[in-house]
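The entries below follow the order in which I looked things up.

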Amino acid sequence: MNDLITAILLGIIEGITEFLPISSTGHLLIAEHWLGARSDMFNVVIQAGAILAVTLIYWRRLWGLLIGFGRAENRDYAAKLVVAFLITAGLGFAVTRLGYKLPETVTPIAWALVIGGVWMFAAERLAERRPESTRITWTVAVLVGLAQVVAAVFPGTSRSAATIFIAMLAGTRDRAAATEFAFLVGIPTMYAASGYELLKTCKAGAAHEDWAALGVAFVVSTLTAFVAVKWLLGYIRSHRFTAFAWYRIALGAALLLGLPAGA
């Protein structure tokens, strides 16, 4: 029963934080600091649930790009999605081959949360000085691809925060347009990352997994992410990201003040 409750809690945390600009990896590592570390298979499965949720939310947009591929604007948008994904995939694979591992302590995550929160304040103010635009340029596509790699290397940064704000700073002034591109790029990126991790885990053997808890966590993550992303897409149409920035700074500061040295 305790394992099931833990699975539900981690599924909720993943679902809420995966696409909100507050860092899902950071929150899961923080949660596991108290709830106990989970297997790579578990983390892959609950992330897959969140990806499924955002895929369902954007299925009309994705289908529209597919059936309307004959139109120049759709081909251009799709090409930029592919380029951003390929940059992330190529550099991400290189980082993995170099032996990169997530930090085992919470302190670097706490710092990333604080620094990321401050950066969000500055980035949004700078972006507001740029002319209003919903256009996704090639510069935006390249920088979004690079931002995803940076977010993966520094947990606590937040993939969604890094990609949304870099898009806004690079010229996509409209929050909704920047968020849509960031999320659409995230779909193939996260499917690829989850598939890669799943393949590695299956090769290593996963007979010890609690499949019931895994299934519950997947469902919880999917449902929670669906609600969280739907809410976020409505929220950003009339609100700035200020609340998320304050949350990151408050959480990071609380962790830095409350954790013993080296934790």
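Predicted model: local features only at pLDDT ≥ 70, side-chain atom pairs only at ≥ 80, totals over all residues.

**Entry 1: Y196 and its surroundings**

I began with Y196, which, leaving aside its neighbours within four places in sequence, is in contact (heavy atoms within 4.5 Å) with F93 and T96. Residues are numbered from 1 along each chain as its sequence is written, and side-chain values use heavy atoms, with hydrogens and water left out.

I found Y196 in helix α9, where helices (H or I, at least four residues) and strands (E, at least two) are DSSP runs numbered from the N terminus. Its relative accessible area of 32% makes Y196 partly exposed, given that buried means under 20%, exposed over 50% and partly exposed in between, with a 1.4 Å probe and protein chains only. I also looked up V118, which is 78 residues from Y196 in sequence and 33 Å from Y196 in space, C-alpha to C-alpha.

**Entry 2: α3 against α9**

Staying with α9 (residues 175-204), I checked helix α3 (residues 40-57) and noted that the two axes come within 9 Å and cross at roughly 155°. Here axes are lines fitted to C-alpha atoms, for helices over the stretch in contact, and angles run from 0 to 180 degrees between N-to-C directions. The two helices are therefore roughly antiparallel, the label for angles over 145 degrees. Their crossing is left-handed, meaning that the near helix is turned anticlockwise from the far one by less than a right angle.

On the α3 side the meeting residues include M41, V44, I51 and L52, and on the α9 side they include F183, I187, M190 and Y191. By class, I have this contact down as twelve nonpolar, four polar and two charged residues; Ala, Val, Leu, Ile, Met, Phe, Trp, Tyr, Cys and Pro count as nonpolar, Asp, Glu, Lys and Arg as charged, and the others, Gly among them, as polar.

**Entry 3: α6 against α11**

For helix α6 (residues 107-128) and helix α11 (residues 242-258) I noted axes that come within 8 Å and cross at roughly 155°. This pair, too, is therefore roughly antiparallel, and the crossing is left-handed. W111, G116, G117 and V118 are among the α6 residues that meet α11, whose own partners include F244, W246 and G252.

**Entry 4: two serines with positive phi**

I then turned to the backbone, since most residues other than glycine have a negative phi. S23 has a positive phi of about 80° although it is not a glycine, and S23 lies in the loop between α1 (2-17) and α2 (24-35). With a relative accessible area of 2%, S23 is buried. For S158, phi is near 90°, again a positive value in a residue other than glycine; S158 lies in the loop between α7 (138-153) and α8 (159-169) and is buried, at 4% relative accessible area.

**Entry 5: the chain as a whole**

Last, I looked at the chain, which has eleven helices and zero strands. Of its 263 residues, 46% count as buried, and its C-alpha trace spans about 50 × 40 × 35 Å along the principal axes.

Note on methods:
Parallel < 35°, antiparallel > 145°, perpendicular 65-115°, else oblique.
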